[in-house]
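Please look through the sequence and the structure shown below before reading on. The report that follows describes how parts of the fold are arranged.

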Amino acid sequence: MATPPTGEAALLLAPGHLGTPADLSVRVVHALRDAALVLVESGTLPALAATRQALALPLRPTAEIPSSDEVSEAVAASILEALDAGGRVVLFGGEEGIPGYADPGAAVLCLVRAQRPAVPVRSLGGSSVIGTALMAAGLGVDRVTVLGVTTAPPEQRERKLREVARWVRRLASPEHAVAVFAPGRDVPHLAGRLAGIGWLNVQMVVCVALTMPEERVVSGTPQEILAAGFAPDTPTCVFAT
């Protein structure tokens, strides 16, 4: 499919939907429709497919990026090629696509600024997953540290869950929440790790399927979260304080 002419190369940072495609802003929808290349974090790929189907968006060229601090040579080449042709590259996702919150977005941003410093980088704004999750959780905290997303490959997921548990032990307090985005299958694993390292007084809040009909908020100690049921593929935002 030919790249739509835009007249200006740019890297566009697009917040992902909150559960239903109707939550996307008009600017994000237009960006997805006209993109020369769409970048999407591994765990957000099904959500992008559902969004395209629900909104009847054309299938634009898409590259999958891992939940890590690296961009593969092949994906980097695709990004630079699209920008050099005057196209717009859209980084779509939840907070995993926002530099400063999670590694994939930061890696893409650093690549573009290092290799194509004249290319503008713009945030499209719109509904934020973390903002909505904070409101749903009702946390009265002063600070939130977002650790990005847990990952699909088992070996990466285990490493990420260990990392999250370490940061919770180091940072979590009634004034400081640590957050991570995860499919439902990872929630009991994280709760089990927190219980296993003796971090029994931490409070967890799990925001499940925000803005969707099955939306719910579950809170409690790690042991109580372990006893709650979560559908394996349901999107969640987990807070620990």
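## Terms and source

Two strands are said to pair if DSSP finds at least two bridges between them. Helices (H or I, at least four residues) and strands (E, at least two residues) are DSSP runs that are numbered from the N terminus.

This is a predicted model, in which local features need pLDDT of at least 70 and side-chain atom pairs count only at pLDDT 80 or more, while totals for chains, interfaces and linings use all residues. Residues are numbered from 1 along each chain as its sequence is written, and side-chain values use heavy atoms, with hydrogens and water left out.

Strands of a sheet pair through backbone hydrogen bonds, either parallel or antiparallel. Here five strands form an open sheet in the order 6-7-10-8-9, with mixed pairing. Its edges are strand 6 (143-149) and strand 9 (216-220), each of which pairs on one side only. From one strand to the next the twist averages 20 degrees.

Strand 7 (residues 176-183) runs antiparallel to strand 10 (residues 235-240), and six bridges join the two. Within this pairing V178 stands opposite A240, and V180 has V238 as its bridge partner. Strand 7 also pairs with strand 6, in the parallel sense and over five bridges, and there T145 stands opposite V178. Because seven of its eight residues are buried, strand 7 is largely enclosed by the rest of the structure; buried means under 20% relative accessible area, with a 1.4 Å probe and protein chains only.

## Helix 7 and the cores

Helix 7 (residues 187-196) lies across strand 7, strand 8 (204-208) and strand 10, and runs at about 175 degrees to strand 8. Such angles run from 0 to 180 degrees between N-to-C directions, with axes fitted to C-alpha atoms, for helices over the stretch in contact.

A nonpolar core is a set of buried Ala, Val, Leu, Ile, Met, Phe, Trp, Tyr and Cys residues joined through side-chain atoms within 4.5 Å. The largest has 22 residues, and those with the most contacts inside it are V168, L190 and I225. Two or more residues each come from helix 6 (154-171), strand 7, helix 7, strand 8 and strand 10. Apart from this core lies another, of 20 residues, among them A63, I65, L91 and V112.

## One face of helix 1

In helix 1 (residues 26-34) the buried residues are V28, A31 and L32. Seen down the helix axis, they fall within an arc of 95 degrees, so they line one face of helix 1; the arc is that of the directions from the axis to the C-beta atoms. These buried residues pack against strand 1 (10-15), strand 2 (37-41), helix 2 (45-54) and strand 4 (88-93), where contact means heavy atoms within 4.5 Å.

How values were computed. Buried means under 20% relative accessible area, exposed over 50%, partly exposed in between (1.4 Å probe, protein chains only).
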